[in-house]
Amino acid sequence: MAKRMRMLLDDRLVWFAEVDGEAVAFIVTLPNINEAIRDLNGRLLPFGWAKLLWRLKSHRVRSARVPLMGVRRSLSGP
């Protein structure tokens, strides 16, 4: 699954927290697609898909979503 998501993930948007050299937490963020498609009126054809790809690649999306986040159970509290 990681190989498939590699196209979507930016190295700057995946973070790991370490304690004594051991990974104890992580967070994965993705660009906010809703921001990129707001003026496409739900139409990806004929040229909406090109606009969407351009906006995602040109870093015009300024917000992100957090679909994955985790902390080791031993550090997360009761």
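1. Gly70 is found in strand E3, which spans residues 64-71; helices (H or I, at least four residues) and strands (E, at least two) are DSSP runs, numbered from the N terminus. Gly70 is buried, with a relative accessible area of 16%. Here buried means under 20% relative accessible area, exposed over 50%, and partly exposed in between (1.4 Å probe, protein chains only). Not counting residues up to four places away in sequence, Gly70 touches Val24, Ala25 and Phe26, where contact means heavy atoms within 4.5 Å. Gly70 and Ile27 are 43 residues apart in sequence, yet their C-alpha atoms are 6.6 Å apart in space.

2. On provenance, this is a predicted model, in which local features need pLDDT of at least 70 and side-chain atom pairs count only at pLDDT 80 or more, while totals for chains, interfaces and linings use all residues. Residues are numbered from 1 along each chain as its sequence is written, and side-chain values use heavy atoms, with hydrogens and water left out.

3. Strand pairing places Gly70 in context. E2 and E3 pair in the antiparallel sense over six bridges; two strands count as paired if DSSP finds at least two bridges between them. Within this pairing, Gly70 of E3 is the bridge partner of Phe26.

4. Strand E2 (residues 22-31) is also joined to E1 by six bridges, and these two strands run antiparallel. One of the pairs is Val14 with Val28 of E2. Of the six residues of E1 (residues 14-19), the number buried is zero, so this strand lies largely in the open.

5. E1 and E2 form a hairpin with two residues between them. Asp20, in the loop between E1 and E2, has a phi near 55 degrees, a positive value in a residue other than glycine. Most residues other than glycine have a negative phi, and most peptide bonds are trans. Asp20 is exposed, with a relative accessible area of 80%.

6. How many salt bridges does the structure hold? There is one salt bridge, defined as a side-chain nitrogen of Lys or Arg within 4 Å of a carboxyl oxygen of Asp or Glu. The side chains of Glu22 and Arg72 form it, at 3.7 Å from N to O. This pair links distant parts of the chain, with Glu22 in strand E2 and Arg72 in the segment after strand E3, 50 residues apart. Glu22 is partly exposed, with a relative accessible area of 42%, and Arg72 is partly exposed, with a relative accessible area of 42%.

7. Asn32 lies in the loop between E2 and H2 and is buried, with a relative accessible area of 12%. Leaving aside its neighbours within four places in sequence, Asn32 is in contact with Val61, Ser63, Ala64 and Arg65. Asn32 and Pro67 are 35 residues apart in sequence and 11 Å apart in space, C-alpha to C-alpha.

8. Helix H3 (48-57) has Gly48, Leu52 and Arg55 as its buried residues. Seen down the axis of H3, these buried residues fall within an arc of 70 degrees, so they line one face of the helix; the arc is that of the directions from the helix axis to the C-beta atoms. What covers the buried residues of H3 includes H2. On the other side of H3, Trp54 and Lys57 are exposed. Just after H3, His59 takes a positive phi of about 60 degrees.

9. A nonpolar patch on the surface is formed by Leu44, Leu45, Trp49 and Leu53, with about 450 Å² of accessible area together. Patches are made of residues with over 30% relative accessible area and no salt bridge, like charges being joined within 9 Å and nonpolar side chains (Val, Leu, Ile, Met, Phe, Trp, Tyr) within 5 Å. Accessible areas come from the Shrake-Rupley method with a 1.4 Å probe, and for residues only the protein chains shown count as cover. Leu45 lies in the loop between helix H2 (33-37) and H3, and is exposed, with a relative accessible area of 68%.
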